[in-house]
Each structure stands twice: as structure tokens, then as C-alpha cells.
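Dear colleague,

I am passing on the structure we spoke about, and below it I have set out what was found. Please read the notes with the coordinates open beside you.

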Amino acid sequence: KLGIQLFINISQIFGNEKFKDYYFKDQILRATLSISNNIAEGYERQSNRELIRFLYISKGSCGEVRSMLHLAEQQGFIDLKKSKELRLNCVTISVKISNFIKYLSNNL
């Protein structure tokens, strides 16, 4: 749910036609969408080992989005306050994914 909400928030900023940097917009939207999609795909694999693998990919996407948000701030695409808020959301998601990975790993 948090990954989907993050995608909605980021698409409201970068997903409209006013934002002209197509490559940046495409990459940040795809990376953000990858967070929730990889979790969903991992669940569908019906194996905790596979789920863990996809959770790590999702966690990596969180890092990519954080990096891009920092870059967006540096480039003046987004203000500092909004960038920090969204990066904090990414960290929250990443921590939750890490905790879930630990839980699953202890139950293999």
C-alpha cells in the first residue's frame, strides 16, 4: 500500500505534461512503480525464497527513487521540503521491506 501511495504522490509531481524532462520522468516513475510490482510478483511465485529475491529488488528500487529525488531537488525539479518528505517515505518502505525479509529468512 505504501509503495502504491508513493507512486501516486510522485506521479502527481512528475507524471504530468508540464514536466518536460521525459527521460527523468520515465525513470523515476518506472522505479517507483517497480517497488510495489516486485512485491506483487514475488508473492505470486509461491515460494519464500523467490519472494525474498523480489523483495530485495523492490528495496533496490526504493534506493533508486531516493537517489532520483535527491537529484530532482538538486536540479530544481522539486523543492527541498517535498523531496525530504518523499525520501522519508522511501526509507520507511525500505525498512518495512527489510523487516519482512528478516522475518521470511528466519522462517525458511
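Helix 2 bends by about 35° at Ile35, and since this is a predicted model, please take that value, like those that follow, as computed from the predicted coordinates. Helix 2 covers residues 22-44, which makes 23 residues, and from its first C-alpha to its last it reaches 32 Å, close to the 33 Å expected at 1.5 Å a residue. Ile35, where the bend is placed, is itself one of the buried residues of helix 2; the others in that list include Phe24, Lys25, Ile28, Leu29, Ala31 and Thr32, as well as Ser34, Ser36, Asn38 and Gly42.

As background, most residues other than glycine have a negative phi. Is Gln46 buried or exposed? Its relative accessibility is 75%, and because the cut-off for exposed is over 50%, Gln46 counts as exposed.

The next point concerns how the helices pack. Two packed helices are described by the angle between their axes and the distance between the axes. Helix 3 (residues 48-74) and helix 4 (residues 80-106) pack at an angle of about 165°, with 9 Å between their axes, and because an angle over 145 degrees counts as roughly antiparallel, helix 3 is roughly antiparallel to helix 4. The crossing in which helix 3 passes helix 4 is left-handed, and the contact of these two helices, sorted by class, has 16 nonpolar, seven polar and four charged residues.

Within helix 3 lies Ser58, whose relative accessibility is 0%, and because buried means under 20%, Ser58 counts as buried. Ser58 and Ser94 are 36 residues apart along the chain, and their C-alpha atoms are separated by 8.3 Å.

Helix 4 also packs with helix 1 (residues 2-14), here at an angle of about 160° and with the axes 10 Å apart, so that helix 1 is likewise roughly antiparallel to helix 4. The crossing of helix 1 and helix 4 is left-handed.

Conventions:
Residues numbered from 1 in each chain as written. Predicted model: local features only at pLDDT ≥ 70, side-chain atom pairs only at ≥ 80, totals over all residues. Heavy atoms only, no water. Axes fitted to C-alpha atoms, helices over the stretch in contact; angles between N-to-C directions. Helix = DSSP H or I, 4+ residues; strand = E, 2+ residues; numbered from the N terminus. Parallel < 35°, antiparallel > 145°, perpendicular 65-115°, else oblique. Left-handed = near helix turned anticlockwise from the far one by under 90°. Nonpolar A, V, L, I, M, F, W, Y, C, P; charged D, E, K, R; others polar. Expected span 1.5 Å × (residues − 1). Bend = angle between axes of the 7 residues up to and from the residue. Buried < 20%, exposed > 50% of the residue type's maximum accessible area, 1.4 Å probe, protein only.
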